Amino acid sequence: MVKLIASDMDGTLLNEKMVISETNAKAILAAQKSGVHFMVATGRGYTEAKPLLEEVGISCPIITLNGAQVYNEDGEIIENIGLSKETVRAILKKINELDLYCEMTTSKGIYSDNKAKRIEAVASLIYKTNPDTSFKMSVVLAAARLEIMNINYVSDYNELLEDESVEILKIITFSEDGPKVLEPLAQELSGTGDLAITASFVNNIEINHAKAQKGLALARAAESLGIHTDDVMALGDNFNDVSMLKVAGYSVAVANAEDGVKAHAKYLTSTNSENGVAESILLALNDDMDKQLAR
C-alpha cells in the first residue's frame with residue numbers, strides 16, 4: 001500500500017509547458033487529503049521549484065538539487081550536502097577546457113556567469129520538450145521564466161569560490177552536442193572527488209556530492225515518517241531519478257522517460273504531458289497499481 005509518493009519535476013510532474021497541470025495538482029491534493037504523504041524530488045533549486053508548486057496550491061517537503069538539500073513543508077532546510085571548493089575548482093577546470101557553459105547552485109542561491117547562455121539553456125529544454133513551439137518562441141518563454149527563478153549573476157565563478165560563506169551544492173553543465181561531449185566528461189569527472197554524476201536532460205550533466213542523491217534523501221524521508229520503502233512510490237523520467245526508483249517499492253517511469261531509466265522501473269505510466277503522475281496516484285489511492293502497465 002502506497003503511503004509516500006515522491007515525484008520528479010521536469011519531464012515528469014511538469015508538462016510540456018513546464019507547469020503542473022490542474023489534473024496532476026488535483027490528484028496530489030487528493031492523495032494528501034487521504035493521508036498519503038507527497039514530496040517533490042528535483043534537480044532544481046528551491047527557488048525554482050517552490051513557485052511552481054505554489055501556483056497550484058501544493059505545499060509539501062522538497063528534495064532539491066538531486067538530494068543536496070531537503071526542505072520540510074515549512075520551507076526550512078533539514079539536510080545540506082555540498083561539494084568541497086577544491087573539488088569544484090577541479091570540475092570547473094575540465095568544463096572550461098571544453099568551453100562549456102555551466103551553472104552553480106549554492107547555499108545562497110543559483111548563480112550563472114552568462115545570462116544569454118542561461119536563457120539559451122532553458123530555451124533548449126522548452127524547445128525539445130515542446131516540438132510545436134519554435135525556438136524563437138522558446139527563447140521568449142525562457143526569458144519570461146527567468147524572471148521568477150531568482151537567478152544571480154557573477155562575472156567570474158572565482159567570486160563564489162573565494163567567499164567562505166558560500167557553499168557549492170551542485171554544478172550543472174550543458175552541451176547541445178549532448179552525450180557525445182558530456183559522457184566522456186562525466187567519465188573523466190568520476191575520478192574527481194567523491195561525486196554523483198547524473199542527468200536531467202539529454203543536453204546536461206548534473207554534478208553533486210556522492211551522498212547527495214534523490215534515492216538516499218527519499219529513503220531518509222521515509223524512515224523519518226516510519227514508512228517502509230516497500231510502501232513508497234517514486235516517479236521519474238531521467239537518470240537523476242534512477243537512485244529513487246531503485247529505493248521505492250513502487251517505481252514508476254513516465255512514457256517519455258529515457259529507455260535506460262525505464263529499465264529501473266516496475267511500472268510505466270503516461271507521458272508528462274498526458275498527466276502520467278495523476279494516473280499513477282489515482283491508481284495508488286484505489287490500491288489498483290496492478291492496473292498500471294507493469295514492465
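Student: Which side chain meets K94 in a salt bridge?
Tutor: Keep in mind that this is a predicted model. To call something a salt bridge, you look for a side-chain nitrogen of Lys or Arg within 4 Å of a carboxyl oxygen of Asp or Glu. Here K94 meets E188, at 3.1 Å from N to O. That pair links distant parts of the chain: K94 is in helix α4 and E188 is in helix α8, 94 residues apart.

Student: How many salt bridges does the structure hold?
Tutor: There are 11. One of them joins R220 and E79, with the closest N and O atoms 2.8 Å apart. R220 sits in helix α9 and E79 in strand β5, so this pair ties together parts that are 141 residues apart in sequence.

Student: Are K170 and E206 buried or exposed?
Tutor: Both of them are buried. Their side chains also meet in a salt bridge, 3.6 Å from N to O. K170 belongs to strand β9 and E206 to strand β11, and they are 36 residues apart.

Student: What about rings? How many aromatic pairs are there?
Tutor: The count comes to three. One of the pairs is Y101 with F174, which is stacked: 5.8 Å centre to centre, with 20 degrees between the planes. Y101 lies in strand β6 and F174 in strand β9, 73 residues apart.

Student: Why does Y101 count as buried?
Tutor: Buried means under 20% relative accessible area, and Y101 counts as buried because its value is 10%. F174 is buried as well, at 13%. Another stacked pair is Y250 with Y267, 6.3 Å centre to centre and 15 degrees between the planes. Y250 is in strand β13 and Y267 in strand β14, so the pair ties together parts 17 residues apart in sequence.

Student: Now the surface. Which residues gather in a patch of negative charge?
Tutor: Look for D113, D156, E159 and E162. Among them, E159 lies in helix α7 and is partly exposed, with a relative accessible area of 42%.

Student: And which residues form a nonpolar patch?
Tutor: Y127, F135 and V139 do, with about 240 Å² of accessible area together. V139 is found in helix α6, and V139 is partly exposed at 31% relative accessible area.

Conventions:
Residues numbered from 1 in each chain as written. Predicted model: local features only at pLDDT ≥ 70, side-chain atom pairs only at ≥ 80, totals over all residues. Heavy atoms only, no water. Patch = residues over 30% accessible without salt bridge, like charges linked within 9 Å, V, L, I, M, F, W, Y side chains within 5 Å. Areas by Shrake-Rupley, 256 points an atom, 1.4 Å probe, with all protein chains shown as cover. Lys, Arg positive; Asp, Glu negative; His and termini not counted. Charge placed at Lys NZ, Arg CZ, Asp CG, Glu CD. Helix = DSSP H or I, 4+ residues; strand = E, 2+ residues; numbered from the N terminus. Buried < 20%, exposed > 50% of the residue type's maximum accessible area, 1.4 Å probe, protein only. Phe/Tyr/Trp six-rings, centres within 6.5 Å; stacked < 30°, edge-to-face > 60°.
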